[in-house]
Each structure stands twice: as structure tokens, then as C-alpha cells.
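Subject: Structure for your review

Dear colleague,

Please find below the structure that I am handing over to you, with its sequence. My notes on what was found in it follow.

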Amino acid sequence: MLKLFENLCRALEAGENRMLVATVEAKGSSPRSAGAYMLVTARGRVYGTIGGGNLEYQATRRAEALLERTENALEAYDLSNDTAAGLGMICGGQTKVLYRCFRADCPADLEFARKALERETARQMYWMLLPLEAGKPQIRQNLSGARRQFGYAEQGARYYAEQFHFDGKVYLFGGGHLSQELEPLLNHVGFSCVVLDDRAEFADPVLFPGAQAVRRVDFAALREPVTAEDYIVIATRGHLADTDCIRFALRTQAKYIGVVGSRKKVKFVRETMLAEGFEEDDLNRLTTPIGLPIGSETPAEIAVSIAAQLIQVRAGK
């Protein structure tokens, strides 16, 4: 959502209108669940997706027409049987799509976009309320109810309400080739990364332009503020550095601790940790081999498997 709101703010501040297209309800086998968004200009989609295919094509054309008239709309699409065939889709299910025109000459629209961007930039939880009929879009800090709610009612108006909650950081211990492939992937799917290495050439922010922080540290004296919402990926240059990082990780409440390494290295680390007094239950917190088993071999492929596993852990929260 950060890039979406950056785009929206830039457009409104430049005097350009934008149409926000949102999937606000989905039943059955729809292309995307509720909470999929895209921005449309008079020339078509500029950012985001509501699932691709002909539904998105038709929604984009509809958004262009509504934008020309600066109108809003809420429309239902039946993706089953004859209707689905007409749309060129075989998903099945039903989807409701909200079209909300953001006007550059409307102070409330610009205020909404700026508040949302401020929250996204600071990674602070917020609620977004999009009116289904009349009303103004809102950014709220607190709201009772489910994380997503179609038809939330307040003072005679109905809204689509969604909570945006930022997950914990991913601490990447080791700034080598794997982390250089992994950090951009994680950044692209919404994780915030902190990269740590004890070598100056691998603790270089130039290598990780999307990271929240890149620092040179002493692995034997780590003091990172890891919380129960955070993830740890250990991919250092060798056994001793890995052991230092694992020793630190097991003393944190991190929700995920993944360790890159061969069976020989994993065996060495486990034996070392047990000899130091850690219990089997402690070591069972380690995910190793790291990543989903997709037959990955190269650093880029391994990065994909790790990113997929972190998405899986996040989705299961």
C-alpha cells in the first residue's frame, strides 16, 4: 500500500484525479480476495492489481469511464456460469468492486491520501474506511470489528473497512550473495529487512537499497531489539558466526528462526548448542533446512524458497 499511496499523493498534489479500484467482497473462487487494490488514470491502470485477466480489464475500462465523470460506483460481478463465460473467466464465485474517484480539487481526498502515506511510511497500524455510497474516505487509528468488513455502518453511512497491520522485521544475519538476492524479494512482498554483517564490504547499504537498516556488527556481541513479531534468517559465512547468531536468536522471542546450511553444519551447530546447555525444545525452534522444498540450488532460487516460507509463516499468524 505504500507505493499505492505514494502514487496517489503525487497525482493529487500535481492536480490529477485518480480512480481507486478495490475488491471489497469476494465469495467462492474469485481472482483475488477482498483487499485487492489498483489505481487507474484516464489512460489505464498505473499501479496494483485486482487479479488480472478480463475482470481486471473490464474494471479498468469501467474505472476510466467513471473517472472522466468523477463518479463513484459499487458493482457486483458474477464469475460463474454464463456471466463468467461472458467475462472470459472460469473462476466461479462473486466479487464486488468499489470504484472511488479521488479528486485533486477535494481537500478531504488529499488529506486522506496524506494520512495513509504517513501511516505507511511510519509502519503504524491504521484502519482505512472507503464509503460504499455517499461519504468521505477516512484513515483511523482504532476501530472495533474484524480486520476486514464489508458494509461497516456508522452514522447512517456504509463503508468497506480494512485494518493494515505491519508485521515484524526480518533480521538477515549475513550480507552475502543469498541475502543480496533475498532482501529485494522480501521488500517487494511487504517485509521490512535489517541486514547485519561483521564485514564492512557486506554491511554496505549500497548492496541493500530497500532495507530499513544495514549495519556492521560483532556477531559475538549482538544486541538487536528482536521481538516476538520478528523473523530471523541466519546466513553467515561459516560455522562459528552461525553459532554466535543462533545463540543470540534462541534467547529472543522471534517467531521464526531459519538457518542456512548443510547437514554437516547443522549437526555441528546442534551439538555445540546442546553442549552449552540449550534444550532440544530450544533447538526445535530452528527451521533448517531453511525455505520451502522446491529443489532450489542457486542463491536466487534459495531466496525464493525462503521468501515463500516467510510468507507462509506470516499468512498462518
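**Salt bridges**

Because Arg247 and Asp244 are three residues apart in helix α6 (residues 239-249), about one helical turn separates them. Helices here are DSSP runs of H or I with at least four residues, strands are runs of E with at least two, and both are numbered from the N terminus. The side chains of Arg247 and Asp244 meet in a salt bridge at 2.8 Å, N to O; the term denotes a side-chain nitrogen of Lys or Arg within 4 Å of a carboxyl oxygen of Asp or Glu. Asp244, Arg247 and Glu276 are linked in a network of such bridges. Arg247 counts as buried because its relative accessible area is 19%. Buried means under 20% relative accessible area, exposed means over 50%, and partly exposed lies in between, with a 1.4 Å probe and protein chains only.

Before the remaining findings, two remarks on their basis are in order. This is a predicted model, in which local features need pLDDT of at least 70 and side-chain atom pairs count only at pLDDT 80 or more, while totals for chains, interfaces and linings use all residues. Residues are numbered from 1 along each chain as its sequence is written, and side-chain values use heavy atoms, with hydrogens and water left out.

A search of the whole structure finds 19 salt bridges. One of them joins the side chains of Lys115 and Glu111 at 3.4 Å, N to O. Both residues lie in helix α4, four residues apart, which is about one turn of the helix. Lys115 is partly exposed because its relative accessible area is 39%, and Glu111 is likewise partly exposed, at 44%. In another salt bridge, the side chains of Glu16 and Arg18 meet at 3.1 Å, N to O. Here Glu16 is partly exposed, with 35% relative accessibility, whereas Arg18 is buried, at 9%.

**The protein as a whole**

The protein has nine helices and 15 strands. Its C-alpha atoms fill a box of roughly 70 × 45 × 35 Å along the principal axes. Of its 317 residues, 49% count as buried. The accessible surface comes to about 15,500 Å², and carbon and sulfur atoms account for 49% of that area; accessible areas come from the Shrake-Rupley method with a 1.4 Å probe, and for residues only the protein chains shown count as cover. Among contacts with a separation of 6 or more, 56% are between residues 24 or more positions apart, contact being defined as heavy atoms within 4.5 Å.

**Helices α1 and α4**

Two packed helices are described by the angle between their axes and the distance between the axes. The axes of helix α1 (residues 2-13) and helix α4 (residues 107-122) come within 9 Å and cross at roughly 145 degrees. Axes are lines fitted to C-alpha atoms, for helices over the stretch in contact, and angles run from 0 to 180 degrees between N-to-C directions. Residues making the contact include Leu2, Phe5 and Leu8 of α1 and Leu110, Phe112 and Leu117 of α4.

Asn7 is also located in helix α1. This residue is buried because its relative accessible area is 14%. Beyond four places in sequence, Asn7 touches Arg18, Leu39, Val46 and Tyr47.

Ala161 belongs to strand β9 (residues 157-164) and is buried, with a relative accessible area of 0%. Its C-alpha atom is 8.9 Å from that of Leu143, a residue 18 positions apart from Ala161 in sequence. Leu143 is also one of the residues that Ala161 touches, together with others including Trp127, Met128 and Tyr152.

Glu25 lies in strand β1 (residues 18-27) and counts as buried because its relative accessible area is 18%. Setting aside neighbours within four places in sequence, Glu25 is in contact with Ala34, Gln94, Thr95, Lys96 and Phe150. The C-alpha atoms of Glu25 and Gly151 are separated by 9.6 Å, although the two residues are 126 residues apart along the chain.

**A nonpolar surface patch**

Leu185, Ile294 and Val304 make a nonpolar surface patch of about 240 Å². Patches are made of residues with over 30% relative accessible area and no salt bridge, with like charges joined within 9 Å and nonpolar side chains (Val, Leu, Ile, Met, Phe, Trp, Tyr) within 5 Å. Val304 lies in helix α9 (residues 299-315) and is partly exposed, at 44% relative accessibility.

With kind regards
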